[in-house]
Amino acid sequence: MLEHIFKLKEHGTDVRTEVIAGLTTFMTMAYIIFVNPAVLSETGMDRGAVFVATCLAAAIGCFIMGLVANYPVAQAPGMGLNAFFTYTVVFQMGYTWQVALAAVFLSGLCFISLSLFRVRELIINAIPISLRTGISAGIGMFLALIALQNSGIVIAHPATLISMGEISSFGPAMAGLGFFLIIGLVTRGVKGAVMISILIVTALAVIYSDVQYTGILSAPPSIGPTFMQLDLSGAMTVGMIAIVFAFLFVDLFDTAGTLVSVAQKADMLDLHGKLPRLRRALLADSTATTIGAILGTSNTTSYVESVAGVVAGGRTGLTAVVVGIMFLLALFFSPLADMVPRYATAGALFYVAILMISGLVNLDWCDLTEAAPVVVVCLLTPLTYSITHGIGLGFISYCAIKVISGRGSDVPVSIWVLAVLFLLKFIV
C-alpha cells in the first residue's frame, strides 16, 4: 500500500529510510509546539488550546502535503507569521485575536485561489529577488528583537527607547545559555538541537524554582477556547486588507522558498528546473492555513527544517506523514509545553532569526538601487515593530530610488501598484 501511494522504489527509497527521515525532520522543528503557544498566548488566547491547535494544524498540513503532493516537506504554524499575528496585528494595531484569526483564514482562502488559478507564479516572478530577500531578513531581525525583549536582555527606556536589561539575572542568563547551546549543538550536527536547548533551560528553571513542575504527560487540553472563534465580521474592513495581504504575501514567499530549497536538496526538480506537482504542494500549504485558522492558530507553512529529513534520505510524502504522526503524539505533552518559560524559547527565536537574516549574503551590495531598499525593510521592520510597515516602506523606497537613479524602467508594474497602495495607506 505504501509503495502504491508514495512510489518509494521510483524515488529510490524505502519505508525504513522514510521513517528515519520523518523523525529527523520532527526533531529539528518540534520547538514550534513550545514556541507558538508562548507567542500567541500573549494576545490572550488560551495557551492549552493554542498548543492543541498547533499540533493539529501541523499534523493536518503534513498529511495533506504527504498524501496529496507526495513531498517530503513538513508543515506547522510559521515563525515570523505568528510574530506578525501577535505583535503587529493585535498589539500594535489593536485588533482582537479573533479578528486576527479571521484575517489568517481569509489569507488562506486567497492563497487557495492563487494556487488554483496559477496566479502565484506571476506574483512571485514579479517581485525582485532583492526585496524577497529583504522581507525574509527583516522578519528575522524582528524575531531577534522579540527574543531579546522576551528574555529581558533588551528593555524599554524613556530616553533611548531601548536599553540593556539586567543580563546577570536568571531569565536573561538562561536565554543566553539556551542560545549558546543551540549554536553549539547545531555546529556539532546534533538533531533536535533547538528542542534540546528549550528542554534543558526549562529543566533548570524548574530546578531553581523559577517554574513550577506540573508533569510531563496528560490528556490533551480542550481546543474549545480557540476553535471556530474567528470574527469574520470584524475582519470585513478596509483596514484589514493590508493585514490579509501581509499574511498572504509572507506565507507565499516563505512557502515558495522552502519548497524550492527542499526540492533542490532532494534532486526533485525537472529538466527545466521546475517543481513537479507544485500546485498540489501549494494547495496543501494554503489548505492547512485555512484549517489552522479554524482550529485557532496563525498561518501554517512549509518548514525549511524539512531539509534535515531530506539529508537523512527522505524523498517522498511518507516522510511528511511520519512528521504528522509525531505531532499527533505530541498532543499528550501539554504539561511540558505549559512549563516552558518565555526566556527558554528566546534562544530558539534568535536562532531562527539568524537563519532568516543569512540570505543577505546573496544580495548584490554593489548595486545600491537594490541594496538600499533591502536595508530599509530590514531596519524599519523591527524599528517600527511592524512587518506590514517594513514591507510597505521597502516597496516605496524601491520605486523612488529606481526612478531618481534613472532606472525606473526596472520596476515591474506590480511593484508600482503595491507601492502606491502602501503610500495611500500611510497617507490616509
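**Salt-bridge tour**

Start with Glu-370 and Lys-402: both are buried (under 20% relative accessible area; over 50% is exposed, in between is partly exposed; 1.4 Å probe, protein chains only). This is a predicted model, where local features need pLDDT of at least 70, side-chain atom pairs count only at pLDDT 80 or more, and totals for chains, interfaces and linings use all residues. Residues are numbered from 1 along each chain as its sequence is written, and side-chain values use heavy atoms, with hydrogens and water left out.

Keep that pair selected. Glu-370 and Lys-402 form a salt bridge (a side-chain nitrogen of Lys or Arg within 4 Å of a carboxyl oxygen of Asp or Glu), with the closest N and O atoms 2.8 Å apart. Glu-370 sits in helix 18 and Lys-402 in helix 19, so the pair ties together parts 32 residues apart in sequence. Helices here are DSSP runs (H or I, at least four residues), numbered from the N terminus.

Lys-402 has 0% relative accessibility, whereas Asp-410, at 38%, is partly exposed.

Next, select Asp-367 and Arg-407. Their salt bridge has its closest N and O atoms 3.2 Å apart. Asp-367 lies in the loop between helix 17 (342-357) and helix 18 (368-383), and Arg-407 in the loop between helix 19 (387-404) and helix 20 (413-427), so the pair ties together parts 40 residues apart in sequence. Asp-367 is buried at 16% relative accessibility; Arg-407 is partly exposed at 30%.

Finally, show Asp-367, Glu-370, Lys-402, Arg-407 and Asp-410 together: they are linked in a network of salt bridges. The structure holds five salt bridges.

How values were computed:
Helix = DSSP H or I, 4+ residues; strand = E, 2+ residues; numbered from the N terminus.
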